[in-house]
Amino acid sequence: MSSSSTAQSSTRSSSSPSSSSSSSSSSAAQSKERPSAAMDDRIVLEKHIAFIKSLDKKTESFEHYVTEHLRMSGVYWGLMAMYLIGGLDSMPREEIIAWVLSCQHKNGGFSGNNKHDPHVLYTLSAVQILSIFDAVDRIDAAKVAEYVASLQQDDGSFVGDKYGEKDTRFSYCALNCLSLLGKLDAIDVKKAAAFVLKCQNFDGGFGVVPDAETHSGQIFCCVGALAIADALDGVDADTLGWWLAERQLPCGGLNGRPEKREDTCYSWWVLSSLAMLKRVSWIDRVKLGDFIMKCQDVDDGGIADRPGNIADIFHTYFGFAGLSLLGYKGFQPIDPVYALPVHVVKRLGLSQRYWMS
């Protein structure tokens, strides 16, 4: 995937470079994580790799243009998808890093692409990409932290950018980003956690703001934010775990809220939340895995939101992430809080910031 490649995501998913050599230390770290067990034989591995790498050749497609603004997240999704299936070493490290750096603004924040405004969503994606490549030292971490800290409001919440939208997604992005940079002291963590807990509903779940509807994606953001803030003891884990378990439908797939259809991306949003709460066993893991497998495009590669639909990189990544959390053979381990390779989180000393053992 090149920096100019299309994110190829579903438009509803917004929140939510030719080969060059990697540094030897980074390549060694990546290679250590390659799966030793054979990939599950239902996975069309080579077609998935070809699908992801083909995205830089689709610059005239409709999807390329409508996802231009979120390309930073698209590149992150593609890199993580390749990591999960053991293909990260083949990605053009230096070219991707150079493009990420070109999207940083004077105020320290990153935009989703060149000539776009900075936003905390894309600032997190940029820091995640640099963390994957062990290249955080290429940026001024204090400047990035200053930008993120400037987005915290008096009530502890965060806005996404200068335009002022408030959302618990942004609380997660801010806490994740600063934690990866070792700069959590730049914000009021207790107030950030207190605001997130104000968004907890009677059903145990969380919404965008206080009194907003519970949604699986927001639950991931809020539980992840609280994990990073060391405030998970404020979560009603049993009530929330039950609500999350009820998201599984007869087909095995998971939905985001009651009365909605199944969608592969919730294999991550729901499952990672259950993992943080040590309640993955509360769903039928075999049926979920079978559902994800059925969402593959066995002809052209990639994973769709549900069987028979068109594959995209967003659902490909989160489908792989779900299979990883389910322990499927050949998939690299992913951290349920930081949504990064486990070895990267361990390198940063952050591996114990959640309940999952």
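**Helix packing and aromatic contacts**

Reply: Helix α4 passes helix α14 in a left-handed crossing. Please bear in mind that this is a predicted model.

Me: At what angle do α4 and α14 pack, and how far apart are their axes?
Reply: The angle is about 40°, and the axes are 9 Å apart. Helix α4 covers residues 71–84, and helix α14 covers residues 313–325.

Me: Which residues make that contact?
Reply: From α4, the contributors are G74, Y76, W77, G78, M80, A81 and L84. Helix α14 supplies I313, F314, T316, Y317, F318, F320, A321 and S324.

Me: And by class, how many are nonpolar, polar or charged?
Reply: The contact of α4 with α14 has 11 nonpolar and 4 polar residues, with no charged ones.

Me: Turning to aromatics, how many pairs are there?
Reply: The count comes to 10 aromatic pairs. One example is F320 with F331, a tilted pair with 5.7 Å centre to centre and 50° between the planes.

Me: Where do F320 and F331 lie in the chain?
Reply: F320 belongs to helix α14, whereas F331 is in the loop between α14 and α15 (342–347). The two are 11 residues apart, and their pair links distant parts of the chain.

Me: Are F320 and F331 buried or exposed?
Reply: F320 is buried, because its relative accessible area is 0%. F331 also counts as buried, because its value of 9% falls under the 20% limit.

Me: Which residues form the aromatic cluster?
Reply: One cluster is formed by Y76, W77, Y172, F220, W268, W269, F314, Y317 and F318. Among these, Y76 and W77 of α4 and F314, Y317 and F318 of α14 also take part in the helix contact.

Me: Back to the loop between α14 and α15: what about P336 there?
Reply: P336 is located in that loop and is buried, with 1% relative accessibility.

Me: New topic: where is S216, and what does S216 touch?
Reply: S216 is in helix α10, residues 216–228. Leaving aside residues up to four places away in sequence, S216 touches W243, R247, N255, G256, R257, Y266, W269 and V270. S216 is buried, since its relative accessible area is 0%.

Me: How are R247 and W243 arranged?
Reply: The charged end of R247 sits over the ring of W243, 4.3 Å from the ring centre.

Note on methods. Residues numbered from 1 in each chain as written. Predicted model: local features only at pLDDT ≥ 70, side-chain atom pairs only at ≥ 80, totals over all residues. Heavy atoms only, no water. Axes fitted to C-alpha atoms, helices over the stretch in contact; angles between N-to-C directions. Helix = DSSP H or I, 4+ residues; strand = E, 2+ residues; numbered from the N terminus. Left-handed = near helix turned anticlockwise from the far one by under 90°. Contact = heavy atoms within 4.5 Å. Nonpolar A, V, L, I, M, F, W, Y, C, P; charged D, E, K, R; others polar. Phe/Tyr/Trp six-rings, centres within 6.5 Å; stacked < 30°, edge-to-face > 60°. Buried < 20%, exposed > 50% of the residue type's maximum accessible area, 1.4 Å probe, protein only. Lys NZ or Arg CZ within 6 Å of the ring centre and 35° of its normal.
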